[in-house]
There are 2 protein chains.
Amino acid sequence: MRKINVGIIGAGTIGGGVAKTLLRKKSFFAKQLGVEINLAKVFDINKKAIAALEIKPSLVAKNIDDIVKNKEIDIVVELIGGLNPAKKFVLEALKNGKHVVTANKALLADSGKEIFKQALSSKVAIKFEASVCGAMPVIKMIQESFVSNDIKAMYGIVNGTCNYISTRMVEDNCSFEDALECAKQKGFAESDPSFDIEGYDACHKLNILSMLAFGNFVNKKDMYVEGIKHLQLQDIEFARQWGYDIKLLAIAKKKNDKIELRVHPTLISLKHMLSAVKNEDNALFVKGDMVGNSMVYGKGAGRYPTASSVMADIIDIAGNPNIFEINKAMYERVQGKPSYEIAKIGDLFTRYYVRFATVDQTGVLARIASVLAKHNISISTVIQTPKTVSKEVTVVMLIHKAKEQNMVNALKEINKLKVSKKKPVMIRIED
Amino acid sequence: MRKINVGIIGAGTIGGGVAKTLLRKKSFFAKQLGVEINLAKVFDINKKAIAALEIKPSLVAKNIDDIVKNKEIDIVVELIGGLNPAKKFVLEALKNGKHVVTANKALLADSGKEIFKQALSSKVAIKFEASVCGAMPVIKMIQESFVSNDIKAMYGIVNGTCNYISTRMVEDNCSFEDALECAKQKGFAESDPSFDIEGYDACHKLNILSMLAFGNFVNKKDMYVEGIKHLQLQDIEFARQWGYDIKLLAIAKKKNDKIELRVHPTLISLKHMLSAVKNEDNALFVKGDMVGNSMVYGKGAGRYPTASSVMADIIDIAGNPNIFEINKAMYERVQGKPSYEIAKIGDLFTRYYVRFATVDQTGVLARIASVLAKHNISISTVIQTPKTVSKEVTVVMLIHKAKEQNMVNALKEINKLKVSKKKPVMIRIED
């Protein structure tokens with residue numbers, strides 16, 4: 001029976017889950033796959049994390065070299081996250097001829113090119129199913145199942161923290177701040193949640209998906225990223241009146257030989273399947289020229305859901321002696337120039353939800369409408385609600401398809417009107 | 001560059017789609033994967049189908065041996081469907097050392113053991129992603145992505161024809177017969193639709209999924225199969241009043257070391273994601289011990305969606321010289337005895353929807369309720385609707401969890417009551 005030895009860097013939530021799975025299911029893998037997969041060593045500077053694993057002392061690595069330079073180890077699994085020292089460890093492992101499995105989206109989005117280059121020169125594979133959407137096989141779906149497809153679009157809920165927050169706002173009828181507090185208490189948000197709520201986590205994941213579908217990583221600054229921290233309950237309520245939900249979506253679309261890459265709160269129909277994705281769950285739609293619309297839904301995070309994807313990568317490597325060769329073309333592609341130009345957000349052509357806070361005065365709507373018309377923007381529906389206490393009027397609109405730059409210019413102009421009391425809110429609609 | 005030659009048996013909808021894809025995307029595959037995949041030969045007894053492909057005469061196989069015994073061919077793709085002569089062709093190809101890719105669910109459900117045995121003895125692989133749910137990567141998800149999971153349950157919409165019919169009934173407010181007629185006109189139902197509407201197509205697919213998740217094919221007679229041909233619009237309407245949709249589901253569950261395998265119309269909550277799966281689309285939920293609940297959704301049939309899955313199998317074989325070895329354990333497992341006993345439908349413990357047609361007479365509900373109580377069956381909700389014209393009363397109930405055999409016995413007894421005008425309707429509820 002083929003034997004594969006695995007070394008794990010990081011004994012935290014995911015690393016611990018992988019270590020336990022390797023030990024607990026060894027005979028199951030041997031029976032199911034005819035491969036003996038051994039846990040060789042685990043490394044973590046945190047002694048408590050190591051102790052919590054309750055593994056034999058011989059399985060505890062003395063230092064990082066005991067993993068990345070260990071001649072007995074075939075696959076190194078990196079699960080410490082973050083850029084440093086993860087990057088150093090991963091490069092070192094690749095240099096030493098180890099295949100690498102990682103769940104580190106930040107590392108790939110930031111240094112994917114450099115890491116793939118090392119994999120190329122060492123002729124080993126780096127796999128990363130767990131880096132996007134935890135348990136969901138999104139990488140394998142795009143890379144293997146839909147390999148014959150020209151991918152036209154991908155969009156979905158890829159950040160569990162934000163989806164948990166927006167679900168709480170709807171279901172508990174509460175503010176963003178209260179929902180965030182609840183997410184922290186339940187362990188769905190970090191004590192510093194900015195990485196999630198500002199959209200950067202989703203942006204990293206979108207970068208990896210985009211590389212798979214469209215050929216290359218992109219510079220983070222070329223992507224449009226807007227988080228959910230300004231999301232207000234009243235916008236969710238207005239949207240629902242019109243049959244929409246608001247979710248933080250990551251969106252990639254190929255249009256006229258350019259790629260749209262954007263992360264932002266988005267109105268989607270309550271009849272759309274993504275509206276049924278609640279709490280910390282994730283879901284990704286993929287549209288290919290052959291398969292049409294497809295979706296995968298599941299747990300986007302958590303110890304065992306993520307460990308399941310890490311295990312799938314380990315087993316893929318264990319089962320395919322040619323694993324480097326079939327990934328080689330991807331590693332090479334990323335070394336070259338991007339095949340597509342990234343579309344500017346100002347050129348986006350879509351529908352919008354907008355909310356204005358104005359003084360309570362006759363003719364306000366007419367003034368707003370005339371500015372919009374001047375910028376070639378056409379209104380589809382309007383609600384006007386006076387607030388008796390603040391003497392403020394809320395004007396909410398759905399806008400027909402318009403160019404984003406025109407919207408931005410119009411809203412700036414409207415904001416300068418004397419009747420305007422607050423900066424207008426604009427949220428894109430996805431059909 | 002690695003070269004792989006492919007021979008196709010069957011130039012119909014799917015076969016033609018695969019042939020066209022191989023020709024059209026050859027350079028795309030070479031660039032993406034570093035593998036040259038050539039269309040070597042296509043065979044079909046239907047000359048018109050061959051002519052429609054508009055391929056070079058040198059690519060047209062003179063006879064079946066020109067594919068299955070052709071020394072130049074590495075992979076044989078069988079896309080003629082049905083048991084014979086597909087089985088003969090597939091066995092012949094395997095005997096001659098060709099890997100086989102097929103979309104033939106009937107063949108696998110009926111003769112999977114024999115075919116896997118031949119693959120074992122010839123040391124080649126047989127792959128079948130397109131046999132279940134067209135474009136959706138359900139096989140790869142269970143076999144590879146979730147390989148570390150102990151699969152607890154799988155359930156979903158796996159027959160596009162039935163889902164199209166039930167969607168039409170809801171949306172057009174029409175009878176089963178009218179919806180079926182519409183499905184035939186749109187090409188979503190065969191002229192003889194019995195294989196689909198009686199649930200056998202779903203049953204074949206469930207058998208393949210069950211083999212992947214639980215270790216072995218089962219005898220068709222051990223599965224419970226009930227189609228949708230008796231589905232009535234009034235049951236859909238009553239179900240919707242209580243917040244449920246009715247869909248034909250294929251269900252596999254591991255419970256107390258037994259496996260439930262059943263195909264039947266099922267009430268599912270309108271809030272459940274499966275309710276959002278409309279028309280000919282398919283979706284499958286998979287619950288594993290590590291991943292929790294996951295779902296994949298997409299096109300269950302059609303030329304290019306199915307061809308996409310066939311292509312994924314071809315490319316998997318092309319990219320992995322070890323492809324036989326990693327499938328070997330599965331082929332061997334199927335030669336042995338099933339690991340699990342199949343649960344009897346009478347032992348099912350679930351909730352139910354029931355509808356009685358009775359005479360319009362005081363005390364009818366009391367009589368029905370007392371028979372149910374005698375059989376340990378407890379009612380959760382009741383609606384009684386008198387029909388003024390026929391003087392018939394419709395009594396509809398949701399029943400708390402009960403043993404199916406008790407339900408069957410109780411309904412038989414109620415049907416014998418003088419007040420009963422028609423055989424009661426019973427539909428299972430899935431929570």
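Mentor: Strand 13 (residues 349–359) of chain A and strand 16 of chain A run antiparallel and are joined by 5 bridges. Within this pairing, Arg351(A) stands opposite Ile429(A) of strand 16. Strand 16 (residues 425–429) of chain A is also joined to strand 9 (residues 258–269) of chain A, by 2 bridges and in the parallel sense. There Leu267(A) is the residue opposite Ile429(A). Strands here are DSSP runs of E with at least two residues, helices are runs of H or I with at least four, both numbered from the N terminus, and two strands pair if DSSP finds at least two bridges between them.

The model is predicted: local features need pLDDT of at least 70 and side-chain atom pairs count only at pLDDT 80 or more, while totals for chains, interfaces and linings use all residues. Residues are numbered from 1 along each chain as its sequence is written, and chains are lettered from A and ligands numbered from 1 in the order in which they are written.

Chain A also holds an open sheet of 5 strands in the order 2-1-3-4-5, with parallel pairing. Its edges are strand 2 (35–43) and strand 5 (126–127) of chain A, each of which pairs on one side only. Strand 1 (residues 2–9) of chain A pairs in parallel with strand 2 of chain A over 8 bridges, and Ile8(A) stands opposite Val42(A) there.

Helix 1 of chain A lies across strand 1, strand 2 and strand 3 of chain A, at about 140 degrees to strand 2. Angles run from 0 to 180 degrees between N-to-C directions, with axes fitted to C-alpha atoms, for helices over the stretch in contact. Helix 1 (residues 13–24) of chain A also meets helix 13 (residues 303–319) of chain A: their axes come within 8 Å and cross at roughly 60 degrees. This contact includes Gly17(A) and Val18(A) from helix 1 and Ala307(A) and Val310(A) from helix 13, where contact requires C-beta atoms, placed from the backbone, within 7 Å. The residues involved divide into 6 nonpolar, 4 polar and 1 charged.

Between chains, 46 residues of chain A are in contact with 46 residues of chain B. Helix 13 of chain A gives the most to the side of chain A that touches chain B, with 9 residues. That side has 23 nonpolar, 15 polar and 8 charged residues; Ala, Val, Leu, Ile, Met, Phe, Trp, Tyr, Cys and Pro count as nonpolar, Asp, Glu, Lys and Arg as charged, and the others, Gly among them, as polar. Strand 11 of chain A is joined by 3 bridges to strand 11 (residues 292–299) of chain B, and the two run antiparallel. Val296(A) has Val296(B) as its bridge partner.

Val296(A) is also one of the residues that Leu284(A) touches, along with Cys133(A) and Met154(A) among others, not counting residues up to four places away in sequence. Leu284(A) is among the residues that touch the most other members of the largest nonpolar core, which has 282 residues. Such a core is a set of buried Ala, Val, Leu, Ile, Met, Phe, Trp, Tyr and Cys residues joined through C-beta atoms within 7 Å.

Lys69(A) sits in the loop between helix 4 (65–68) and strand 3 (75–78) of chain A. Lys69(A) counts as partly exposed because it has 15 C-beta neighbours inside 10 Å; a residue with 20 or more other C-beta atoms within 10 Å of its own is buried, one with 12 or fewer is exposed, and partly exposed lies in between, with C-beta atoms placed from the backbone. Its C-alpha atom is separated by 8.6 Å from that of Lys98(A), 29 residues apart along the chain.

Key:
Two residues are in contact if their C-beta atoms, placed from the backbone, lie within 7 Å.
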